[in-house]
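Biologist: I am new to this structure. Please pick a single part and look at it closely, along with what surrounds it.

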Amino acid sequence: MVQAKMTFITLPVKNLNTSVDFFTALGFEFNPQFTDENATCLILNDTTFVMLVVEPFFKNFTKKDISDATTTTESILGFSAENRDEVDAFVEKALASGGSVSNDKVDHGFMYSGSFQDPDGHLWEVMYMDPNAVQ
């Protein structure tokens, strides 16, 4: 079985400064070693990173058209929270910082999630799962 040591997600962005301001307001940090006028490395945790790359430079990595995340969905990026209150607080902070509504909150009892769109329309989901329910 293959297990990746690190995960890098690369997203095209229209305006790097807008993206950096948005994710900074949410409390994320960036790796300056992998940051210039074309891209920055958003740190999700010790082994997971999101490369935010301006669209003209992103085109160097693919022969395909770049999808418009405001009208199509390419993926949903999800991460966990410690509890339901943290889910709500994070989504509220994202909306207050320039994000937009994605979907209604989902409550399955044992699992709870909220979502938002970043300024480029990429979909993000924050979820909490009761550890006692996953035994």
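Modeller: Start at E74. This residue is partly exposed, at 36% relative accessibility. Buried means under 20% relative accessible area, exposed means over 50%, and partly exposed lies in between (1.4 Å probe, protein chains only). E74 sits in the loop between α2 and β5 (76-80). Helices (H or I, at least four residues) and strands (E, at least two) are DSSP runs, numbered from the N terminus. In sequence, E74 and L123 are 49 residues apart, yet their C-alpha atoms lie 8.6 Å apart in space.

A word on the source. This is a predicted model, in which local features need pLDDT of at least 70 and side-chain atom pairs count only at pLDDT 80 or more, while totals for chains, interfaces and linings use all residues. Residues are numbered from 1 along each chain as its sequence is written, and side-chain values use heavy atoms, with hydrogens and water left out.

Now the part I picked: strand β4, residues 48-54. Of its 7 residues, 7 are buried, so β4 is largely enclosed by the rest of the structure. In a regular strand, side chains alternate between the two faces of the sheet. Here T48, V50, L52 and V54 point one way. F49, M51 and V53 point the other way. All of them are buried.

What does β4 pair with? Strand β3 (residues 39-45) is one partner, running antiparallel to β4 over 6 bridges. Two strands pair if DSSP finds at least two bridges between them. A39 stands opposite V53, and L42 stands opposite V50. The hairpin that joins β3 to β4 passes through 2 residues. Strand β1 is another partner: it pairs with β4 in the parallel sense over 7 bridges. There V13 stands opposite V54. Further out, β3 also pairs with β2 (residues 29-31), antiparallel over 3 bridges. E29 has I43 of β3 as its bridge partner.

Next, step past the end of β4. E55 lies in helix α2 (residues 55-58). The structure holds 3 salt bridges, each a side-chain nitrogen of Lys or Arg within 4 Å of a carboxyl oxygen of Asp or Glu. E55 forms one with K14, at 3.1 Å from N to O. This pair links distant parts of the chain, 41 residues apart, with K14 in the loop between β1 (7-13) and α1 (16-25). K14 counts as exposed because its relative accessibility is 54%. E55 is partly exposed, at 21%.

A cavity is a set of points on a 1 Å grid over the protein atoms alone, where a 1.4 Å probe fits but cannot get out; lining residues have an atom within 4 Å of a point. The count is 1 cavity of 30 Å³ or more.

D107 meets R84, with the closest N and O atoms 3.0 Å apart. D107 lies in strand β7 (residues 106-107) and R84 in helix α3 (residues 84-96), so the pair ties together parts 23 residues apart in sequence. D107 is partly exposed at 48%, and R84 is partly exposed at 27%. D88 meets K105 at 3.3 Å, N to O. D88 is in α3 and K105 in the loop between β6 (100-101) and β7, so this pair ties together parts 17 residues apart in sequence. D88 is buried at 19%, whereas K105 is partly exposed at 40%.

Last, the rings. There are 12 aromatic pairs. F22 and F23 have ring centres 4.9 Å apart and planes at 80°, so their pair is edge-to-face. Rings of Phe, Tyr and Trp (its six-membered ring) pair if their centres lie within 6.5 Å; planes under 30 degrees apart count as stacked, over 60 as edge-to-face and the rest as tilted. F22 is buried at 1% relative accessibility, and F23 is buried at 1%. Ring pairs link F22, F23, F28, F79, F90, F116 and W124 into a cluster.

Terms used:
On a 1 Å grid over the protein atoms alone, a cavity is a set of points where a 1.4 Å probe fits but cannot get out, and a pocket is an open set with protein on both sides within 12 Å along at least five of seven lines; lining residues have an atom within 4 Å of a point. Grid points are joined across faces, edges and corners, and a volume is the space filled by probe spheres set on the points.
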